[in-house]
Protein chains: 2
Amino acid sequence: MSWEETLDYYGVLIDEEVKKFFAEAKKAAKAYHPFIGEVYSNVEEFVLRKGKKLASCSTLLTYEGYAGKIDNRILKACVSIELYRHCILVHDDLVDKDTQRRGGKTFHRLVAENYDDRLGYGTGVFVGDLMYALTLQAILNSGFSQEKLNRVMLLLLEGYRNVNESQILDLLFEYKEPDVDEWCVMASKRAASLFETTIFVGGILGNAPEGDLQILREAARHVGYSFDIQDDIIDTFASLEQYGRPSGGDVALGKKPLHIIYSFKLAGRDALNKLKNLTSKEHISPHDLESIRAIVRESGALEAAKKKAKEHAEKAKTLIARTSLSDETKKFFASMITYIKESLDWYR
Amino acid sequence: MSWEETLDYYGVLIDEEVKKFFAEAKKAAKAYHPFIGEVYSNVEEFVLRKGKKLASCSTLLTYEGYAGKIDNRILKACVSIELYRHCILVHDDLVDKDTQRRGGKTFHRLVAENYDDRLGYGTGVFVGDLMYALTLQAILNSGFSQEKLNRVMLLLLEGYRNVNESQILDLLFEYKEPDVDEWCVMASKRAASLFETTIFVGGILGNAPEGDLQILREAARHVGYSFDIQDDIIDTFASLEQYGRPSGGDVALGKKPLHIIYSFKLAGRDALNKLKNLTSKEHISPHDLESIRAIVRESGALEAAKKKAKEHAEKAKTLIARTSLSDETKKFFASMITYIKESLDWYR
């Protein structure tokens with residue numbers, strides 16, 4: 001199977017398990033109150049939206065790479081990983097006031113458009129919370145041994161704490177000019193932490209040797225950095241067609257992705273002044289965004305960010321090759337990393 | 001010891017343990033980034049604010065009532081309960097746009113006043129999240145047997161899910177007119193769920209007989225209903241002196257506490273029309289609030305709500321007397337319930 005076929009194949013299995021999970025959860029929610037039943041239906045639709053499922057497929061393939069097979073327990077664990085990823089997205093979208101997510105409305109907008117901003121916003125806060133509780137309930141009901149569940153639980157707690165700490169820093173950076181090192185500190189608990197959690201969970205549940213777990217942890221962190229840098233480049237450089245929504249959202253909020261931080265360092269004086277003026281504007285027009293892109297490109301910052309993403313990707317690849325994962329899983333990760341690397345070149 | 005002395009005495013012990021917990025947590029947070037260190041200091045200050053600690057003292061006294069003593073493990077579990085209660089408050093205050101909490105600023109306002117609304121609001125979302133992760137980390141590090149921790153973990157997950165579901169309904173009620181039954185459905189997962197969790201946790205950790213656990217669960221739910229009704233009456237009827245902040249916040253948001261729902265049922269036609277006009281106003285003046293109070297009083301709704309709160313309190317008292325809790329703990333709960341009942345009469 002090609003990488004995309006693998007993702008599709010396992011994605012379908014995970015979706016089936018997500019539906020089973022929500023069949024139960026929706027029943028209880030409806031019994032409590034019809035509106036809460038509706039909310040759970042919305043959550044299910046949100047989680048099931050088309051997408052690559054890199055996080056839960058990483059868990060699944062890591063597990064298979066050690067256990068030699070997949071079973072019902074790991075599919076249930078993948079439901080937990082999907083819930084985990086999406087509970088983070090609900091609060092992320094809310095704070096960043098995003099309106100679109102993977103071809104649909106963001107969660108708080110779904111509710112807001114049926115009622116008003118207040119109910120959308122409040123429901124978004126509380127739904128993100130209860131989705132995290134669902135995450136942990138799902139993993140505890142996966143059927144793995146208590147010993148493994150204890151380790152995985154600690155990872156999901158540490159991971160959630162990490163992601164939320166990095167989210168606060170990411171916000172803070174709208175108010176200051178971090179340098180590359182400070183950006184790396186922030187990012188160490190963002191996608192790096194997410195991939196670390198998802199791959200580590202698969203390794204623990206699949207009985208990976210302890211030595212491998214440490215290598216996987218390191219590799220996952222490199223994948224995360226690489227993914228993070230790429231994700232931010234997409235937000236500034238993707239066309240409407242590529243992105244499915246207008247790009248430039250991060251810059252409009254005053255966020256400081258790595259390619260902007262590099263621009264602050266690399267741009268000449270005039271370009272730097274222009275960039276600072278543009279990024280601090282209340283409203284950034286399509287023309288402003290084009291000017292920002294030009295500065296990021298021409299200062300060499302875009303290339304510097306891509307280079308850093310590629311270095312992390314290479315390191316991840318080398319590390320994964322050193323594990324005793326099955327050849328099929330190694331191939332999967334190699335393809336995923338190649339995909340991240342190559343896709344960097346789609347944005348210029 | 002009187003009830004107040006008991007609360008003070010144990011409150012000091014719990015505070016000491018909270019400080020120990022944060023000494024560690026702040027160290028790690030500071031090492032990640034100075035701003036996150038600051039955030040954790042704010043969280044500590046928020047959790048340590050003066051207050052009755054009814055939730056964690058209920059856990060502690062229930063434990064003592066079965067185990068015959070308190071020890072370091074239960075104090076650590078109480079830190080978890082305090083974090084649990086406060087992570088719920090952070091998101092509650094955020095969604096309700098409250099500015100004051102127990103003699104200080106609400107968490108999001110603490111940050112907002114040093115930066116701006118956006119950072120305050122976003123940090124509030126993410127801090128509530130990470131405080132829940134801290135809640136579960138604290139209980140897992142309490143030193144109790146894995147078997148007990150597993151049961152307690154399930155309670156804290158179910159409880160958090162419940163509270164967040166009821167919060168959504170409470171918001172929805174701003175957009176509709178629930179009847180008494182619907183209010184009870186909502187409230188069944190609010191304070192009733194919180195007291196159920198805290199008392200049940202104490203019972204499980206203290207080795208309460210299974211039969212007692214079921215009675216405690218029921219009793220705790222009645223305490224919760226009683227507390228909830230009282231808490232809402234305070235928000236409408238307390239003076240500035242009694243409340244430490246202006247009252248009327250719930251009504252201004254269009255919330256539907258039980259005494260308002262009873263008014264809709266009991267008020268005559270003219271009073272009802274007046275009440276509907278007043279509660280749907282964009283801005284409620286002190287004079288409007290006085291008129292609302294008069295209608296709630298004169299329709300008999302205030303008495304009806306108080307009567308219901310007292311009935312729940314009585315049921316809780318009777319149930320607790322049937323358990324094999326120590327006399328000291330029974331006395332503690334009896335005093336707590338009497339306090340809730342008697343305090344109802346402070347608000348007219």
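# A guided tour of the predicted model

Across all chains, the count comes to 31 aromatic pairs, where rings of Phe, Tyr and Trp (its six-membered ring) pair if their centres lie within 6.5 Å, and planes under 30 degrees apart count as stacked, over 60 as edge-to-face and the rest as tilted. The model is predicted, so local features need pLDDT of at least 70 and side-chain atom pairs count only at pLDDT 80 or more, whereas totals for chains, interfaces and linings use all residues. Residues are numbered from 1 along each chain as its sequence is written, chains are lettered from A and ligands numbered from 1 in the order in which they are written, and side-chain values use heavy atoms, with hydrogens and water left out.

## Stop 1: aromatic rings of chain A

Select A:Phe332 and A:Phe333. Their ring centres are 5.3 Å apart and their planes stand at 70 degrees, so the pair is edge-to-face. Both A:Phe332 and A:Phe333 are buried; buried means under 20% relative accessible area, exposed over 50%, and partly exposed in between (1.4 Å probe, protein chains only).

Select next A:Tyr339 and A:Trp346. With ring centres 5.8 Å apart and planes at 80 degrees, this pair is likewise edge-to-face. A:Tyr339 is partly exposed at a relative accessible area of 22%, and A:Trp346 is partly exposed at 46%.

## Stop 2: helices H1 and H3 of chain A

From A:Trp3, proceed to the helix contact. Helices (H or I, at least four residues) and strands (E, at least two) are DSSP runs, numbered from the N terminus. Display helix H1 (residues 3–32) and helix H3 (residues 54–67) of chain A: their axes come within 10 Å and cross at roughly 95 degrees. Axes are lines fitted to C-alpha atoms, for helices over the stretch in contact, and angles run from 0 to 180 degrees between N-to-C directions. H1(A) and H3(A) are therefore roughly perpendicular to each other; angles under 35 degrees count as roughly parallel, over 145 as roughly antiparallel, 65 to 115 as roughly perpendicular and the rest as oblique.

To see the contact (heavy atoms within 4.5 Å), select A:Trp3, A:Thr6, A:Leu7, A:Tyr10, A:Gly11 and A:Ile14 on H1(A), then A:Leu54, A:Ser56, A:Cys57, A:Leu60, A:Leu61 and A:Glu64 on H3(A). By class, the contact of H1(A) with H3(A) has 8 nonpolar, 3 polar and 1 charged residues. Ala, Val, Leu, Ile, Met, Phe, Trp, Tyr, Cys and Pro count as nonpolar, Asp, Glu, Lys and Arg as charged, and the others, Gly among them, as polar.

## Stop 3: A:Arg102 and its surroundings

Select A:Arg102, in the loop between strand S1 (100–101) and strand S2 (104–105) of chain A. A:Arg102 is partly exposed, with a relative accessible area of 28%. Not counting residues up to four places away in sequence, A:Arg102 touches A:Phe46, A:Val47, A:Arg49, A:Lys50, A:Gly51, A:Arg85, A:His86 and A:Leu89.

Of these, select A:Arg85, placed in helix H4 (residues 72–95) of chain A. A:Arg85 is buried, at 18% relative accessible area. Beyond four places in sequence, A:Arg85 touches A:Lys53, A:Ala55, A:Arg102 and A:Leu194.

Then move to A:Thr99, in the loop between H4 and S1 of chain A. A:Thr99 is partly exposed, at 42%. The C-alpha atoms of A:Thr99 and A:Arg245 are separated by 9.1 Å, although these residues are 146 residues apart along the chain.

## Stop 4: positive phi in chain B

Most residues other than glycine have a negative phi. Select B:Arg102, whose phi is near 45 degrees, a positive value. B:Arg102 is found in the loop between strand S1 (100–101) and strand S2 (104–105) of chain B. Select also B:Asn207, with a positive phi near 65 degrees. B:Asn207 lies in the loop between helix H9 (191–205) and helix H10 (210–237) of chain B, and is exposed at 56% relative accessible area.

## Stop 5: helix H8 of chain B

Display helix H8 (residues 180–187) of chain B, which is mostly covered: 6 of its 8 residues are buried. The buried residues of H8(B) are B:Val180, B:Glu182, B:Trp183, B:Cys184, B:Met186 and B:Ala187. They pack against H1 of chain A together with helix H7 (146–172), H9, H10, helix H13 (258–266) and helix H16 (301–321) of chain B.
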